[in-house]
Amino acid sequence: MENRELPLVSVVIPTYNRIHTLPASVDSVLNQTYENLELIIMDDGSDDGTGEYVNSIADKRVRYRKAEKNMGPSAARNLGAELAKGRYLAFQDSDDEWAQDKLEKQMKVMLENSDVSMVYSEFGFYRGEELIIIIPSHKIPDEEKRGDIFSYLLLYPLISTQTMLIETKAFIEADGFNEKLKSYEDFEFSLRFAKNHRIGFVAEPLVKVNNSPNSVNQRLGERIRTQFYMVREMLDSLRERNLLEYKLDIVFREAESLLCHDIFMEELQQLSEEYLSQTEKEMAVSYLKKMEQGKEIVYQKMEMLEILPKFKQKVLQIYMGLYEKKILWSKENQETLKQLVSSIALFQKAFSMPKEVRQRYDSIEKRLEEEELTETDRLYLLADIVELFETLEKLW
């Protein structure tokens with residue numbers, strides 16, 4: 001797309017010590033079919049040669065700004081937006097890649113819909129070259145993904161930063177990204193923005209998001225804190241739509257999956273004390289109790305996973321001793337095995353044991369009570385105990 005009468009798009013890439021991924025990210029922007037763009041690279045205090053690389057780029061559309069000290073990605077994006085000359089603004093991450101026609105397809109939606117102030121797209125989440133998942137999910141109806149999507153965003157995230165194309169003026173008037181947040185900044189901004197603006201959508205994965213080990217998305221606990229921040233900020237909207245309990249349930253399940261039990265309880269306790277009505281407080285208490293129980297189960301699982309290898313090693317020692325005839329079967333060995341196997345029962349409330357595994361467990365307990373076992377029977381019994389422990393390790 002070479003028509004220079006098309007509006008200028010300012011693309012902002014914040015980067016910090018990503019020289020190994022930045023070139024692919026930059027190339028994916030500069031090679032867009034929509035050519036009327038400027039690329040603002042916000043160097044957030046890198047010391048890995050980023051400046052030298054950017055200065056070597058032979059493209060007049062590239063602008064470079066280096067911060068004296070690390071500001072964080074949200075602050076870098078906001079500063080880049082202030083420097084933008086374009087009518088429209090887009091964001092790219094320094095470790096991701098755009099499809100070549102990303103801006104062209106998004107600008108087509110933007111220019112054909114005068115009531116739209118932001119256009120986003122699907123993105124593919126990759127590990128190396130393997131596509132893990134496409135977001136937003138195709139299970140979500142398209143009507144939930146475009147237009148007035150504020151109610152949906154009250155519950156679930158849809159929009160990732162590097163998929164956003166937005167009116168520059170509207171972005172600045174909305175105060176940009178919240179620089180105090182350490183995760184889910186795009187979720188929080190898109191929710192806040194969607195409250196007063198209609199959103200466009202391109203149902204194609206136009207961004208390849210790479211799973212970098214040091215990605216800010218790995219700050220799992222901060223996701224829960226940001227979720228509660230949004231609950232506090234949007235409490236009236238959640239109440240108006242009768243979505244508060246539904247939202248807390250979503251955050252509850254996310255906190256459980258991320259093993260953020262303590263953070264959830266801390267944040268919910270604060271929310272309850274400062275913001276909730278008496279009826280809402282009763283609901284909060286039920287979630288606090290459930291999370292406390294979930295935390296106890298997790299600790300039990302961790303304890304069980306720590307001791308199972310030790311149990312298995314002890315059984316193997318007895319097995320090898322009997323097999324090599326270095327020891328004799330004794331009452332003491334039998335009691336040791338009983339204690340090891342029966343101790344698993346202490347953790348039963350923490351685990352869901354499949355029926356066939358439970359049957360094997362019960363069978364082993366019965367056989368351990370038998371007094372007249374042959375030498376071969378004992379070796380088979382010991383092998384079965386080891387196999388049981390290995391199965392439980394995989395289950396738990």
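Predicted model: local features only at pLDDT ≥ 70, side-chain atom pairs only at ≥ 80, totals over all residues.
**Helix 14, on its own**

I started with helix 14, residues 355-369. I got 15 residues and 22 Å from the first C-alpha to the last, close to the 21 Å expected at 1.5 Å a residue. Next I looked up which residues of helix 14 are buried: Val357, Tyr361, Ile364 and Leu368. They sit on the same side of helix 14, because the arc they cover around the axis is only 60 degrees. That spacing made me recall that an α-helix has 3.6 residues a turn, so residues three or four places apart point the same way. On the other side of helix 14 I found Lys355, Lys366 and Glu369 exposed.

**Helix 14, with its partners**

What do the buried residues of helix 14 pack against? I found helix 13 (331-343) and helix 15. I followed up helix 15, residues 375-395: the angle with helix 14 is about 150 degrees, and the axes lie 10 Å apart. I noted the crossing as left-handed. From helix 14, the residues that meet helix 15 include Arg360 and Arg367 as well as Val357, Tyr361, Ile364 and Leu368. On the helix 15 side I wrote down Asp384, Glu387, Leu388 and Thr391, among others. Sorted by class, this contact has ten nonpolar, one polar and four charged residues.

**Helix 4**

I checked helix 4 (residues 102-112) for buried residues too, and listed Lys102, Leu103, Gln106, Met107 and Met110. They span an arc of only 105 degrees around the axis, which puts them on the same side of helix 4.

**Ala84**

I located Ala84 in the loop between helix 3 (73-83) and strand 4 (88-91). Buried or exposed? I have Ala84 as buried, because its relative accessibility is 16% and the cut-off is under 20%. Beyond its neighbours within four places in sequence, I see Ala84 touching Ser10, Glu38, Ile40, Arg63, Leu89 and Thr168. I also noted 8.6 Å between the C-alpha atoms of Ala84 and Val9, which are 75 residues apart along the chain.

Against that, I found a cis peptide bond between Ile135 and Pro136, with omega about 0 degrees. Pro136 is in the loop between strand 7 (130-135) and helix 5 (150-153).

I then logged Asp175, with a positive phi near 70 degrees, in the loop between helix 6 (168-173) and helix 7 (185-194). Asp175 is exposed at 63% relative accessibility. Asn242 has a positive phi as well, about 55 degrees, and I placed Asn242 in the loop between helix 9 (235-240) and helix 10 (244-257). With 70% relative accessibility, Asn242 also counts as exposed.

Definitions and conventions
Residues numbered from 1 in each chain as written. Heavy atoms only, no water. Axes fitted to C-alpha atoms, helices over the stretch in contact; angles between N-to-C directions. Helix = DSSP H or I, 4+ residues; strand = E, 2+ residues; numbered from the N terminus. Left-handed = near helix turned anticlockwise from the far one by under 90°. Contact = heavy atoms within 4.5 Å. Nonpolar A, V, L, I, M, F, W, Y, C, P; charged D, E, K, R; others polar. Buried < 20%, exposed > 50% of the residue type's maximum accessible area, 1.4 Å probe, protein only. Expected span 1.5 Å × (residues − 1). Arc of directions from axis to C-beta.
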